[in-house]
Amino acid sequence: MEKRVLKKDKLAAIIKNVSRDMLVYAPVKEEDNVLFMALKEGREPLLNFSNSRNAPKTFFFPRTEIMMKYTRTGKGMELSKGEGEVRETALFGVRPCDARSFALLDKLFDQDKYKDPYYIARREKTTVISMACAHPPYSTCFCTSVDGSPTSGEGADILLTDMGDNYLVEFITPRGEKLLKYFGDLPKAGEAEETLKKEIAERAEKEIRSHIPAKDIKPILDNNFEHPFWETIHRKCLACGTCTYLCPTCHCFDISDEAKGNDGIRIRNWDSCMYPLFTLETSGHNPRPTQKERWRQRVMHKFKYYVDNFGAISCVGCGRCVMYCPVNLDIRKIVEDIAKL
Amino acid sequence: MLNPYIPMPVEVIKIVTEVDTKDIKTFRLAFVNREDEANFQYLPGQFAELSIFGKGEVPIGIASSPTQPGYLEFTVQKAGVVTSTLHDLEVGTHIGVRGSMGNSWPIDYLEGKNIVVVGGGFAFTTLRSLIVYMIHEDNRSRFGNITVVYGARTPGLLIYKDELAAWEARDDINLHVTVDKGDESWKGREGFVPTVCKEVAPSSENAVTVICGPPIMIRFTLPVFFDLGFSKENIITSLEMRMKCGIGKCGRCNVGNKYVCKDGPVFSLAELDKLTKEY
Ligand SMILES: Cc1cc2nc3c(=O)[nH]c(=O)nc-3n(C[C@H](O)[C@H](O)[C@H](O)COP(=O)(O)OP(=O)(O)OC[C@H]3O[C@@H](n4cnc5c(N)ncnc54)[C@H](O)[C@@H]3O)c2cc1C
Ligand code: SF4
Ligand code: SF4
Ligand code: FES
């Protein structure tokens with residue numbers, strides 16, 4: 001792995017150069033929010049930001065996406081695949097929790113036999129440039145409870161760590177190393193930088209204030225599907241789906257057709273297990289008839305089923321669902337309560 | 001990479017109205033492209049997504065058997081948007097098919113054993129596929145006795161009537177067709193499926209039962225098979241859940257950590273016991 005030292009004031013120019021050759025998305029201030037947006041001419045990426053409101057999974061798994069187009073031709077149909085070519089892309093300034101979400105989504109979308117070609121095509125063309133959290137931004141951050149860390153490079157191709165006057169730039173994957181040329185002739189990182197990075201990492205971990213027993217609840221979930229506890233947590237839930245739409249690891253979707261005359265498209269849209277219709281069958285039978293079963297599904301999926309199937313918790317501790325739930329349902333509290341069952 | 005979301009074009013080459021109420025039809029589909037036909041490998045018990053462009057997709061069990069090359073068959077009940085549109089189609093129309101999907105009846109496990117097939121209503125479709133597969137001359141010797149109990153509410157609701165008659169005439173399959181309530185013309189058996197199973201009383205010795213039907217039928221049939229000595233490993237059934245992607249991605253058809261679309265729809269009772277009761 002190449003490790004280099006970059007003077008902080010040089011970064012903006014490098015990103016600009018990268019954006020000449022490929023699409024760059026970066027955190028940008030948009031009204032009151034920080035959002036990942038395409039870096040258009042004259043727009044500066046935010047270098048000091050906490051985290052974007054939208055999860056960057058949307059670049060691999062868009063909110064809405066054309067899967068196929070078709071045209072009726074006589075009695076037949078002409079099909080063509082989706083929106084065409086995927087462009088070479090760089091995602092700049094992804095936080096470590098969000099970068100980890102890519103590694104977790106890979107497990108689902110890129111299985112041995114069952115592959116999602118849309119997700120994989122974007123993933124293969126995208127370089128993820130992460131920015132370590134030298135100071136974890138929110139009181140709701142709990143990445144260390146779910147196997148992450150504020151300075152982790154998991155899911156990233158390049159990891160930047162703020163070291164005061166410089167960034168330590170770690171080129172983690174071959175895909176990341178392909179971008180070396182844009183960084184020019186940088187001095188290699190030495191022992192001093194290694195030590196500093198270690199200190200930063202340790203301090204950042206200590207600054208995480210929220211700790212939950214996320215890894216302890218799997219054996220409890222294994223045995224308590226019918227526990228009365230599930231009756232207690234969901235009552236104020238509005239079934240708005242905000243928690244799942246903002247979540248960087250949620251991946252549920254709907255598929256539907258839209259047609260006009262002889263032309264049509266098949267699209268997929270994000271969907272949510274928090275919605276009553278999600279599992280409603282045509283017969284009227286619904287295996288998850290109330291919000292109780294839906295909340296249980298959300299917890300089970302993240303902290304048990306994903307662990308059963310892929311060996312990892314499907315939550316990266318970003319805290320978005322905690323911050324934006326309109327009725328303050330807090331997944332951290334729920335995990336703590338489960339641990340006490 | 002093959003795109004599992006893009007359907008293959010198929011032409012509707014035959015439509016059979018199965019029941020008096022006309023809301024169950026069997027569609028015979030032929031692949032428009034030869035390579036698609038070669039790629040579409042399946043076993044009884046699997047399903048496919050049928051695609052009506054502009055309307056959407058529905059998961060439907062494959063009613064034909066891989067021993068019947070050249071076409072696929074699906075028996076569909078008119079239920080909502082897509083299935084109603086399908087019912088209005090005419091021969092010659094092109095639709096789409098995605099698949100094959102899911103696991104299958106466990107053919108390897110069934111091999112060498114006596115097979116008891118129990119079906120109720122139009123859920124008989126993938127059981128038909130299994131029966132046709134097993135009694136095919138290339139396969140018949142791989143299985144022991146084949147006993148079939150199939151029931152519908154009324155004679156007019158029995159599907160595959162011609163085929164039932166043909167099986168009746170064979171001596172290498174014990175067929176018991178029953179209706180809840182007969183009419184003037186009905187000369188066959190009357191009685192509910194569980195009752196008939198009790199009367200037929202197939203031996204559990206080296207036997208497996210494969211059962212598919214409405215939940216209520218299954219609920220009353222299971223005790224009969226337990227009494228006959230069938231273990232949970234040897235009672236096999238198929239689940240239905242709302243589906244979209246069919247390949248374990250869209251996240252809606254899971255029961256516990258299993259996705260019915262790819263880990264199922266076929267499960268033994270022993271396997272179902274290990275899952276949560278959320279279906
Ligand atoms: C593995 C499997 C095998 C099946 N085999 C058959 C069969 O052989 N014959 C048959 O007639 N029916 C079968 N069904 C049920 C059939 O899929 C539904 O009746 C059908 O999806 C209803 O679609 P619709 O558009 O007409 O109804 P709408 O109510 O308009 O449904 C809208 C959408 O909801 C979904 N959906 C609704 N209900 C169900 C359901 N019960 N199961 C799955 N998806 C659903 C579908 O994606 C459908 O496109 C099977 C279902 C599954 C899961
Ligand atoms: S954000 Fe809160 S209210 Fe909305 S669905 Fe999630 S838990 Fe329920
Ligand atoms: S469950 Fe909540 S905290 Fe965990 S990754 Fe999703 S949004 Fe972030
Ligand atoms: S149908 Fe999408 S996960 Fe099963």
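Across the interface of chain A and chain B there are 21 residue pairs in polar contact, both residues at pLDDT 80 or more; a polar contact is a pair of N or O atoms within 3.5 Å, and within protein one must be able to donate a hydrogen and the other to accept it, with residues adjacent in sequence counting only if both atoms are side-chain atoms. H10(A) gives the most to the side of chain A that touches chain B, with seven residues; helices are DSSP runs of H or I, at least four residues, and strands are runs of E, at least two, numbered from the N terminus.

This is a predicted model, where local features need pLDDT of at least 70, side-chain atom pairs count only at pLDDT 80 or more, and totals for chains, interfaces and linings use all residues. Residues are numbered from 1 along each chain as its sequence is written, chains are lettered from A and ligands numbered from 1 in the order in which they are written, and side-chain values use heavy atoms, without hydrogens and water.

Six salt bridges are counted between the two chains, A and B, each a side-chain nitrogen of Lys or Arg within 4 Å of a carboxyl oxygen of Asp or Glu. One of them joins A:Asp254 to B:Lys244, with the closest N and O atoms 3.3 Å apart.

Now the ligand. Ligand 1 is surrounded by 22 residues, each with a heavy atom within 4 Å of it. They come from chains A and B, so the site is shared between chains. S4(B) supplies the largest share of this shell, five residues. A backbone N or O atom of B:Glu57 is 2.7 Å from an oxygen atom of ligand 1, and one of B:Gly61 is 3.0 Å from a nitrogen atom of ligand 1.
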